[in-house]
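Reader: I have a model open and a list of terms to check. Can we go through them one by one?

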Amino acid sequence: MHASIGHARLEELMQRGTDFLGCEVAVLGGAMSWVSERNLVSAISNAGGFGVIACGAMTPELLDTEIAETKARTAKPFGVNLITMHPQLSDLIDVCGKHGVGHVVLAGGLPPGGAIDRIKGNGAKLIAFAPALALAKKLMRSGADALVIEGMEAGGHIGPVSTSVLAQEILPSVCNDIPVFVAGGIGRGEAIAAYLEMGAVGVQLGTRFVCATESIAHANFKKAFIRASARDAIPSVQIDPRLPVIPVRALKNREMENFAAKQREVAGLLDTGTVEMAEAQLQIEHYWAGALRRAVIDGDVESGSVMAGQSVGMVTKEQPVAEILDELMEQAAAALESRA
């Protein structure tokens, strides 16, 4: 870090975040299934940020291997993102405990009873997503150590409210009591500086890291990101009100239409009583995991799901993680310096 006024101020504003994470730059890697694996996660941590493994639909055995492989690539701290609706959540928590994972991020709704205690019982810090102020307060009472507030501009599963509104609603009320990271639609350092000034201790970025040199995403997937503008990243549409499907933001393609057909199929199974609601929602989750894998790993960007946040328009080339972080920090420091 240069000893400029802007950099000194940036360091000061991120201090709580870097202390909490144990890294140099308070930037969490967004957990993106298939993308946030050993290579990208270790690259983010090695560059001074905080990488997060996306467990997604992984089995406990797969997560076990992924954590071990990440540890082989970095000695720096990293976290694991677990989805609360995973049927083997408690086994996944055990795997994190076995490896001494320092930070567990819980995503996708309020954690089931006991999950928080078990994570913290392993000595890990718990980071939880808070899509509304009431939920932020509830999570704080339940023992969350930090919060992520993520707006609808994000890629993948999204809530209904934009990042700028959530930040205004939640930060002033809770930022003095708990570290808060802001996520969703962040593509440049100026925005990072603004959220830090509002009381955030750091940010979470996913979309900006997809085209990192170290990301294993298929060349076609990266090309789709580099070509896309913000307006190409659209949310999926819910077909049947009885099947509450969390919308997913992805680039417009044939897959978006296929998903509507999948919803109709699952709604039909609900109608006939073939499946229960929890099973129906799980089927939708597995569907997304498969569609995303087709795009990220196989490079099928037409019939696969190209999940992307609206900041995709700011992804213009493939570059190393260290360069991306450097660029963002320079922009944030310059923005803070101009206000000094």
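This is a predicted model: local features need pLDDT of at least 70, side-chain atom pairs count only at pLDDT 80 or more; totals for chains, interfaces and linings use all residues.

Reader: What makes H2 oblique to H3?

Author: Helix H2 (residues 38–46) and helix H3 (residues 60–73) pack at about 40 degrees, with axes 9 Å apart. Angles under 35 degrees count as roughly parallel, over 145 as roughly antiparallel, 65 to 115 as roughly perpendicular, and the rest as oblique. H2 is therefore oblique to H3. Axes are lines fitted to C-alpha atoms, for helices over the stretch in contact, and angles run from 0 to 180 degrees between N-to-C directions. The helices themselves are DSSP runs (H or I, at least four residues), numbered from the N terminus.

Reader: Which residues of H2 and H3 meet?

Author: Arg38, Asn39, Val41, Ser42 and Asn46 of H2 meet Thr65, Glu66, Glu69, Thr70 and Arg73 of H3. Contact means heavy atoms within 4.5 Å. By class, this contact of H2 with H3 has one nonpolar, five polar and four charged residues. Ala, Val, Leu, Ile, Met, Phe, Trp, Tyr, Cys and Pro count as nonpolar, Asp, Glu, Lys and Arg as charged, and the others, Gly among them, as polar.

Reader: Why are H3 and H4 called roughly parallel?

Author: The axes of H3 and helix H4 (residues 89–98) come within 9 Å and cross at roughly 25 degrees. H3 and H4 are therefore roughly parallel to each other. Pro60, Leu63, Asp64 and Ile67 of H3 meet Asp91, Leu92, Val95, Cys96 and Lys98 of H4. That contact of H3 with H4 divides into six nonpolar, no polar and three charged residues.

Reader: What is the relation of H1 to H8?

Author: Helix H1 (residues 5–21) and helix H8 (residues 189–197) have axes that come within 10 Å and cross at roughly 55 degrees. H1 and H8 are therefore oblique to each other. Leu10, Leu13 and Met14 of H1 touch Ile192, Leu196 and Glu197 of H8. The contact of H1 with H8 has five nonpolar, no polar and one charged residue.

Reader: Which residues lie nearest the centre of the second largest pocket?

Author: Trp34, Ala54, Met58, Leu62 and Glu66 do, out of 16 lining residues. The lining has nine nonpolar, four polar and three charged residues.

Reader: And what does Gln283 contact, leaving aside its neighbours within four places in sequence?

Author: Gln283 is in contact with Lys262, Val266, Leu269 and Val275. Gln283 is found in helix H12 (residues 277–296). The C-alpha atoms of Gln283 and Ala261 are separated by 13 Å, and the two are 22 residues apart along the chain.

Key: Residues are numbered from 1 along each chain as its sequence is written. Side-chain values use heavy atoms; hydrogens and water are left out. On a 1 Å grid over the protein atoms alone, a cavity is a set of points where a 1.4 Å probe fits but cannot get out, and a pocket is an open set with protein on both sides within 12 Å along at least five of seven lines; lining residues have an atom within 4 Å of a point. Helices (H or I, at least four residues) and strands (E, at least two) are DSSP runs, numbered from the N terminus.
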